[in-house]
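This report covers selected features of the structure shown below. Please read it with the sequence and the 3D view at hand.

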There are 2 protein chains.
Amino acid sequence: MISDQNIAPHLNTTLHEPLEHLEKHLLGKQAKIEYWLRNQWHNTKIPFYTSVDLRNAGFKLAPIDTNLFPAGFNNLNLATLPLCVQAVQSAIERLKETAYKILLIAENNTRNLYYLESLAALQNILQQAGYKVRIGSLLPDLHEPLTINLQSTKLTLEPIIKKNHCISVEGFVPCIILLNNDLSLGSPSIFEDVYQTIIPPLSSGWATRLKSTHFTHYHKVAQEFAEQIDIDSWLIEPLFRNCGKLNFMKNEGYECLADNVDAILNNIQRKYNEYDVPHKPFVIIKADAGSYGMGVMTVHDADEILSLNRKQRTRMSKTKEGKPISQVILQEGVYTFETWGNDEAVAEPVIYMIDHFVVGGFYRVHTKRGINENLNAPGMQFEPLACINSCVTPDNRQAPNAYPNRFYAYGVIARLALLAATRELNCNT
Amino acid sequence: MISDQNIAPHLNTTLHEPLEHLEKHLLGKQAKIEYWLRNQWHNTKIPFYTSVDLRNAGFKLAPIDTNLFPAGFNNLNLATLPLCVQAVQSAIERLKETAYKILLIAENNTRNLYYLESLAALQNILQQAGYKVRIGSLLPDLHEPLTINLQSTKLTLEPIIKKNHCISVEGFVPCIILLNNDLSLGSPSIFEDVYQTIIPPLSSGWATRLKSTHFTHYHKVAQEFAEQIDIDSWLIEPLFRNCGKLNFMKNEGYECLADNVDAILNNIQRKYNEYDVPHKPFVIIKADAGSYGMGVMTVHDADEILSLNRKQRTRMSKTKEGKPISQVILQEGVYTFETWGNDEAVAEPVIYMIDHFVVGGFYRVHTKRGINENLNAPGMQFEPLACINSCVTPDNRQAPNAYPNRFYAYGVIARLALLAATRELNCNT
């Protein structure tokens with residue numbers, strides 16, 4: 001094949017021994033890995049689309065969040081468009097042979113232009129795949145179509161109509177309702193008893209989904225996979241714990257939280273000792289049903305929990321759309337040692353999948369955040385994965401940590417997270 | 001999405017009115033076309049891979065040959081690799097969930113380095129899709145593995161072993177046998193009563209397949225499709241006829257041939273008159289079961305048939321591997337008005353599909369051939385389609401004859417040829 005290698009990522013990464021071994025391992029066992037993965041998808045309902053946040057610490061590579069209502073399609077490299085289109089065709093073909101019209105259900109935030117650009121990019125992918133696509137909004141005060149001028153195009157949000165168990169927008173009755181709204185505040189009653197196919201299923205929204213359930217599944221997946229390729233599963237999973245009910249504003253449930261932080265820090269330190277990792281363990285506390293990077297904090301010591309100031313507690317008390325946080329997951333903090341550009345901004349890869357196909361990704365980059373912090377925060381930027389081929393097509397002739405091969409590792413770990421989400425959905429529905 | 005438009009094809013095309021209308025039509029009806037196509041694939045066995053030679057005359061766009069054992073994978077743009085990989089995964093998944101090992105059966109010509117480069121590229125695609133792949137050869141005098149050094153890589157051909165209804169190469173029992181040998185000389189007895197899956201089916205080889213059968217199916221497909229989008233099917237199909245038995249060396253069957261040439265030339269002229277096409281009609285005579293561009297001639301007048309010289313007759317008497325030609329197809333010659341580069345070399349697009357996905361293509365370019373001649377001949381060169389996205393993703397914001405949109409039209413017509421081949425195989429098997 002003829003190459004056009006005109007784009008090279010300018011990314012400075014410090015890779016340590018175990019991960020390079022891991023990448024070598026993944027490359028060496030590619031056929032076995034793909035075979036194993038192929039058999040995992042058998043007879044399962046795979047989420048329609050998924051994005052996975054990864055952290056590459058050099059000594060370990062792990063998913064830290066799995067999003068079943070991904071935004072950010074506008075940040076993908078244009079070169080990934082055909083791959084997205086083909087994957088959509090495969091996914092919908094398997095779902096419903098005769099589908100023709102798709103209604104995309106948007107998030108309610110009409111002022112977030114980045115989100116709307118993502119929505120437009122997603123609409124374009126679905127249209128290129130050969131579907132008629134319109135966008136429905138759940139906004140209660142939207143009574144007629146609202147057209148918004150974006151930088152790239154125009155986008156029209158339309159009020160949803162329900163009649164005879166059937167969802168539509170004016171003059172457009174879809175075969176498939178595709179949710180791009182994560183249902184943080186619960187499944188809207190308008191979707192009850194709807195006869196059309198709704199994907200992803202309503203039960204996968206953040207009203208019912210819990211990160212701790214996902215990572216329970218991920219832990220099992222990681223163990224099974226690690227056994228297949230004979231590695232320590234810790235190299236590809238973050239340790240985690242969850243707590244019972246708590247209330248940040250009322251200081252309730254803090255003892256349990258502090259104890260668990262302590263326990264998890266000890267467990268991380270034990271692994272750091274085992275692998276001679278010279279860094280300080282840390283824990284990420286997240287809303288167990290949180291999204292949009294809200295309700296996330298970094299903790300290095302259990303004492304920090306007991307001395308949270310009012311501002312910190314307020315920030316941890318609510319997530320998207322003001323939804324109160326009453327349950328958290330404590331996740332092993334995974335350092336990211338990937339940096340982007342000359343100013344060495346901290347970066348983490350986000351991998352996109354449609355059905356079980358890796359279709360692209362980008363780096364989430366933040367110049368104001370540290371290597372032990374949540375990067376999904378205001379001020380973040382996005383750098384599309386340049387060699388998009390790479391997530392799909394490793395190159396055995398290059399070194400294990402060469403871009404194509406590092407990205408292949410990302411594609412594998414992201415698919416493990418997808419597999420966990422698949423199991424999660426197949427239990428829930 | 002972020003664009004990297006760093007490659008632009010330098011291609012000079014004269015587009016005339018009807019085709020521009022056709023392209024406009026195809027673009028305007030994209031959702032309907034894709035919907036119609038999707039429903040055509042339902043419950044059919046689609047050929048594993050297909051390449052289609054197209055000719056773009058400006059006033060019409062038609063397939064002239066459909067290859068079910070494509071070579072030329074080395075001529076695809078590297079950017080298409082992920083698309084090929086994803087399509088292979090979809091195709092094999094549908095075929096046989098648990099496949100792990102693939103044996104690729106090569107053509108016998110070990111001196112054609114271009115072919116071997118294609119074979120290596122194909123092996124790479126299958127490997128990237130996550131399969132173990134080795135290459136078996138039908139060469140009768142191959143008794144041990146033969147490793148050939150190519151420009152890009154090394155390739156090993158291995159003798160095939162048959163034992164207990166099972167084909168293998170030394171130490172490697174495949175689940176799937178993928179033929180890349182077009183079986184011109186007949187289906188080898190070694191494949192009889194084999195329990196493994198053989199794709200494409202043995203019956204699709206050139207020992208049994210006839211171009212005239214294919215184009216009979218294509219004619220029906222073109223009519224159905226043309227009706228869907230309300231155009232004259234002649235704009236997308238070459239007229240054709242076939243003759244009974246003939247023998248070029250013994251001058252047998254020439255009258256029938258001359259009569260049919262006459263009839264088809266008259267039919268073309270009628271259509272040229274209808275559309276005010278100022279060109280001279282011509283007919284291509286081809287071996288009905290020919291491949292590798294052998295046994296092909298251009299005729300402008302029935303008299304040319306009766307006055308063929310010995311050299312011309314010899315050339316028309318045999319096709320690949322010395323297989324005698326006893327049956328021909330007479331196909332409306334479709335001018336190509338596409339030229340490549342500063343020297344205005346004559347060019348025709350070749351579109352590649354895996355399963356029903358368009359995965360790439362290239363221009364076959366010939367500096368020594370005319371716009372009314374077969375370009376599949378020694379001296380041809382290949383120029384990968386630069387905007388490979390384009391076959392899959394048209395751009396409604398650009399003019400109908402802009403590259404992305406012209407290529408979308410190519411992708412549609414190529415898939416109509418694939419549909420004809422699909423119906424052909426589903427009748428034959």
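## Helices 3 and 4 of chain A

In chain A, helix 3 (residues 81-95) and helix 4 (residues 113-128) have axes that come within 8 Å and cross at roughly 65 degrees. The crossing of these two helices of chain A is right-handed. Helix 3 of chain A contributes Leu81(A), Cys84(A), Val85(A) and Val88(A) to the contact, and helix 4 of chain A contributes Ile125(A), Leu126(A) and Gln128(A). By class, the contact residues of helix 3 and helix 4 of chain A are six nonpolar, one polar and no charged.

The model is predicted, and the values in this report are computed from it.

## Helices 3 and 4 of chain B

For chain B, the axes of helix 3 (residues 81-95) and helix 4 (residues 113-128) come within 8 Å, with a crossing of roughly 65 degrees. This crossing in chain B is right-handed. On the helix 3 side of chain B stand Leu81(B), Cys84(B), Val85(B) and Val88(B), which meet Ile125(B), Leu126(B) and Gln128(B) of helix 4 of chain B. The contact between helix 3 and helix 4 of chain B is made up of six nonpolar, one polar and no charged residues.

## Domains of chain A

Chain A is divided into domain 1 (11-71 + 208-428) and domain 2 (78-204). Taken over C-alpha atoms, the centres of domain 1 and domain 2 of chain A are separated by 28 Å.

Between the two domains of chain A, 19 residues of domain 1 are in contact with 22 residues of domain 2. On the domain 1 side that touches domain 2 of chain A, the elements giving two or more residues are strand 18 (357-366) and helix 10 of chain A. Strand 18 of chain A gives the most to this side of domain 1, with three residues. The residues on this side of domain 1 of chain A divide into ten nonpolar, four polar and five charged.

## Ile413 in helix 10 of chain A

Ile413(A) lies in helix 10 (residues 403-428) of chain A. Is Ile413(A) buried or exposed? Ile413(A) counts as buried because it has 25 C-beta neighbours inside 10 Å, and the cut-off for a buried residue is 20 or more.

Leaving aside residues up to four places away in sequence, Ile413(A) touches Leu54(A), Leu61(A), Pro63(A) and Ile236(A). The C-alpha atom of Ile413(A) is also 9.9 Å from that of Leu26(A), although the two residues are 387 residues apart along the chain.

## An open sheet in chain B

Four strands of chain B form an open sheet in the order 12-15-13-14, with antiparallel pairing. Strand 12 (240-242) and strand 14 (296-299) of chain B stand at the edges and have a single partner strand each, so one side of each lacks a neighbour in the sheet. On average, neighbouring strands of this sheet are turned by 20 degrees against each other, direction ignored.

Strand 12 of chain B runs antiparallel to strand 15 (residues 328-332) of chain B, and three bridges join the two strands. Opposite Arg241(B) stands Leu330(B) in strand 15 of chain B. Helix 6 (residues 254-274) of chain B lies across strand 12, strand 13 (283-287), strand 14 and strand 15 of chain B. Helix 6 of chain B runs at about 20 degrees to strand 15 of chain B.

Definitions and conventions:
Residues numbered from 1 in each chain as written. Chains lettered and ligands numbered in written order. Predicted model: local features only at pLDDT ≥ 70, side-chain atom pairs only at ≥ 80, totals over all residues. Pairing = 2+ DSSP bridges. Axes fitted to C-alpha atoms, helices over the stretch in contact; angles between N-to-C directions. Contact = placed C-beta atoms within 7 Å. Buried ≥ 20, exposed ≤ 12 C-beta atoms within 10 Å, placed from the backbone. Left-handed = near helix turned anticlockwise from the far one by under 90°. Nonpolar A, V, L, I, M, F, W, Y, C, P; charged D, E, K, R; others polar. Domains from an automatic or database assignment.
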